[in-house]
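Open the structure in your viewer and keep the selection tool at hand.

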Amino acid sequence: MFNFLTSIFQNKTLLWSLTINDFKQRYLGNLLGITWAFIQPTVTILIFWFVFQVGFKAQPIDDVPFILWLLAGMIPWFFFAEGLSSGTNSIVANNFLVKKVVFRVSLLPIVPLLSALVIHAFFIFFMFGMFIFYGYSPSLYWLQIPYYLFATAVLLLGLSWLTSSIVVFFKDIGQIVAMIIQFGFWLTPIFWSMKMVPERYQWIIELNPMVYIINGYRESMIYQQWFWNDFNMTIYFWVVTGVIFMLGGLTFKKLRPHFADVL
C-alpha cells in the first residue's frame, strides 16, 4: 500500500495528463465538448424531479423538499456509476500503456476515477448551492461529505481493479457491470425512502454498501447526523470495502502479467 501511494505521488503529472486526455477522448467532436459531462446528469435529475414532483405529486420527505432529498441521493450515485463503468474499461482503453514496463498499470483505474471526481466536485457545490437557495444554512455536518467521498473512492478503486482485470479476459464483464449499475440504481434508496420497506426486510437493502454512502450524504446535508452515530453500518461498510479492495488488488496482481499477451 505504501508503494502504491508512493507511485501515485511519483506519477501525479502523468495521471493528470491521462485524466485530461480521458475527458478529451470522451467528448471530442461534440459541439459542447466536456459540457456534456455536466449536462447529462443535470437533465437526469430534472427528469426524475419532474416525474415524481410534478407528475406523481411527491410530497416532501421528512419535511424536506423532494428535490433536495433526491439530489443528496442521486449525486453520489452518479459518481459511483460513472467511476465503476469507466474504471471497468480502463485497462482495455489504455492498452498502449500496458506493455510499458516502467508504468505501473494498477494506476490506470485511478484515471477514470479522477475524471468522475472532477464532475462530482461540481455537483457537490451545486448541491450546496441548492440547499442554501432553499434556506438551509451551511453546517459542520456538511464537512462529512469529503469522508463519504473518500469512502466511495476506496470502494470504487477495489471494484475497478477487480472488473478491469477480468474484462481483459472475459469481455462480457462490461455488460454485466452495466446491468448491475442499472439494477443497483432502482434497488438503492435514491428516489424512494427506506421507510417504504418493512423493517424486517431493510437489512437486505442495507447489504448494498452504496446505501451507507447515500444515507451518509443525506445525514450530512439533511438530518445532521455524524457518521459514527451509526456505528454498525460504518463497521459493515469498511469491512466489505476492505474485502473488495484486497480482493481487487490481489486479482489485479495475479492477472497483470498476462495483460500484454491478451491485449
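Start by selecting Thr-241. Thr-241 is buried, because its relative accessible area is 1%, and buried means under 20%, with exposed over 50% and partly exposed in between (1.4 Å probe, protein chains only). The model is predicted: local features need pLDDT of at least 70, side-chain atom pairs count only at pLDDT 80 or more, and totals for chains, interfaces and linings use all residues. Residues are numbered from 1 along each chain as its sequence is written, and side-chain values use heavy atoms, with hydrogens and water left out.

Which residues does Thr-241 touch, not counting residues up to four places away in sequence? They are Val-154 and Leu-155. Contact here means heavy atoms within 4.5 Å.

**Select 231-255**

Helices (H or I, at least four residues) and strands (E, at least two) are DSSP runs, numbered from the N terminus. α12 has 25 residues and reaches 36 Å from first C-alpha to last, close to the 36 Å expected at 1.5 Å a residue. The expected span is 1.5 Å times one less than the number of residues. Now colour the buried residues of α12: Met-233, Thr-234, Phe-237, Thr-241, Ile-244, Phe-245, Gly-248, Thr-251 and Phe-252. Their cover includes α5 (90-93), α8, α11 and α13 (259-262).

**Select Leu-162**

Leu-162 sits in helix α8. Which residues does Leu-162 touch, not counting residues up to four places away in sequence? Look for Leu-247, Gly-248 and Thr-251. Next, find Leu-250. It is 88 residues from Leu-162 along the chain, yet their C-alpha atoms are separated by 8.5 Å.

**Select 145-167**

α8 is mostly covered, with 18 of the 23 residues buried.

Show the side chains of the contact. From α7 come Ile-110, Leu-113, Leu-117, His-120, Ile-124, Met-127 and Phe-128; from α8 come Ile-145, Leu-149, Ala-153, Leu-156 and Leu-157. These contact residues divide into eleven nonpolar, one polar and no charged. Ala, Val, Leu, Ile, Met, Phe, Trp, Tyr, Cys and Pro count as nonpolar, Asp, Glu, Lys and Arg as charged, and the others, Gly among them, as polar.

**Select 209-223**

Here is helix α11. Its 15 residues should span 21 Å at 1.5 Å a residue, and the end C-alpha atoms are 20 Å apart, which agrees. How many residues of α11 are buried? Twelve of the 15 are, and the helix is mostly covered. Among them are Pro-209, Arg-218 and Ile-222. What covers the buried residues includes α4 (66-88), α7, α8, α10 (202-205) and α12.

**Zoom out**

Finish with the whole chain. It comes to 13 helices and zero strands. Of its 263 residues, 46% count as buried. Among contacts between residues at least 6 apart in sequence, 80% join residues at least 24 apart.
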